[in-house]
Amino acid sequence: MLTVGLGTGATQGFVLQWPEVREAAVAELSPVVARFSLQYFRDLWLGHEGDARSRVIIADGRAHLQGLTRGSLDLVIAEPSNPWVMGEGSLFSEDFYRLVAARLAPGGLASLWFHSYGM
């Protein structure tokens, strides 16, 4: 599975609770966010910060998805920052959603976060 956007790491901690998850990668654009997450939100990782199935990739989530084999993911969770934050706008586009769909394995699922506050 792949999560786009690390934030506090709460989603990663939640996903890793399930023993069925073989690999849980996160594509995070900012190395500062990755360091901050483990330093200040370690409790949200639910004890999974050293889990061998977990991998944090410092990369643009869209570019990372483009480099993956078509139909290779069982689950994609997109939790980018707000669309007006630099580097995030392309994660709220029809092109990105088509890319996510193309990378899902048959029967795969996508969870795509979009805020509605301040709109």
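Arginine 98 forms a salt bridge with glutamate 94, with the closest N and O atoms 2.3 Å apart. A salt bridge here is a side-chain nitrogen of Lys or Arg within 4 Å of a carboxyl oxygen of Asp or Glu. Both residues, arginine 98 and glutamate 94, sit in helix α4, four residues apart, about one turn of the helix. Both are exposed. Exposed means over 50% relative accessible area, buried under 20%, and partly exposed in between (1.4 Å probe, protein chains only).

## Basis of the model

This is a predicted model: local features need pLDDT of at least 70, side-chain atom pairs count only at pLDDT 80 or more, and totals for chains, interfaces and linings use all residues. Residues are numbered from 1 along each chain as its sequence is written, and side-chain values use heavy atoms, with hydrogens and water left out.

## Overall fold

The protein holds four helices and five strands. Helices (H or I, at least four residues) and strands (E, at least two) are DSSP runs, numbered from the N terminus. Along the sequence they follow the pattern β-α-β-α-β-α-β-α-β.

Of the 119 residues in the protein, 39% are buried. Contact means heavy atoms within 4.5 Å. Among contacts with a separation of 6 or more, 73% are between residues 24 or more positions apart.

Which residues of α4 are buried? They are Phe96, Leu99, Val100, Ala102 and Arg103. Seen down the axis of α4, these buried residues fall within an arc of 165°, so they line one face of the helix. The arc is that of the directions from the helix axis to the C-beta atoms.

The cover over the buried residues of α4 includes β1, α3, β4 and β5 (104-112). The face turned away from the buried side carries the exposed residues Glu94 and Arg98.

## Nonpolar cores

A nonpolar core is a set of buried Ala, Val, Leu, Ile, Met, Phe, Trp, Tyr and Cys residues joined through side-chain atoms within 4.5 Å. The largest has 13 residues. Leu2, Val4, Leu65, Leu73, Val76, Phe96 and Val100 touch the most other members. At least two residues of this core come from each of β1 (2-4), β2 (24-28), β4 (73-78) and α4 (94-103). A second, separate core has six residues, including Met1, Leu16, Val21 and Ala24.

What does leucine 73 touch, not counting residues up to four places away in sequence? Its partners are Met1, Leu2, Leu65, Leu68, Arg103, Leu104, Ala105 and Gly108.

## Salt bridges across the chain

The structure holds five salt bridges. One of them joins arginine 22 and aspartate 74, with the closest N and O atoms 3.7 Å apart. Arginine 22 lies in the loop between α1 and β2 and aspartate 74 in strand β4, so the pair ties together parts that are 52 residues apart in sequence. Arginine 22 is exposed, at 66% relative accessible area. Aspartate 74 is partly exposed, at 46%.

Aspartate 95 and arginine 62 also meet in a salt bridge, at 1.8 Å from N to O. The pair links distant parts of the chain: aspartate 95 is in helix α4 and arginine 62 in helix α3 (residues 61-66), 33 residues apart. Aspartate 95 is partly exposed, with a relative accessible area of 42%. Arginine 62 counts as buried, at 16%.

## A buried glutamine

Is glutamine 12 buried or exposed? Glutamine 12 is buried, with a relative accessible area of 2%. It lies in helix α1 (residues 10-15).

The side chains of glutamine 12 and serine 54 are joined by a polar contact of 2.9 Å. Such a contact is a pair of N or O atoms within 3.5 Å; within protein, one must be able to donate a hydrogen and the other to accept it, and residues adjacent in sequence count only if both atoms are side-chain atoms. Not counting residues up to four places away in sequence, glutamine 12 touches Thr3, Ala24, Ala25, Val26, Trp45, Ser54 and Arg55.

## Aromatic pairs

Rings of Phe, Tyr and Trp (its six-membered ring) pair if their centres lie within 6.5 Å; planes under 30 degrees apart count as stacked, over 60 as edge-to-face and the rest as tilted. By this rule there are four aromatic pairs. Phenylalanine 36 and tyrosine 40 form a tilted one, 4.6 Å centre to centre with 45° between the planes.

Both residues, phenylalanine 36 and tyrosine 40, lie in helix α2 (residues 31-40), four residues apart, about one turn of the helix. Phenylalanine 36 is partly exposed, at 42% relative accessible area. Tyrosine 40 is partly exposed too, at 49%. Ring pairs link Phe36, Tyr40 and Phe41 into a cluster.
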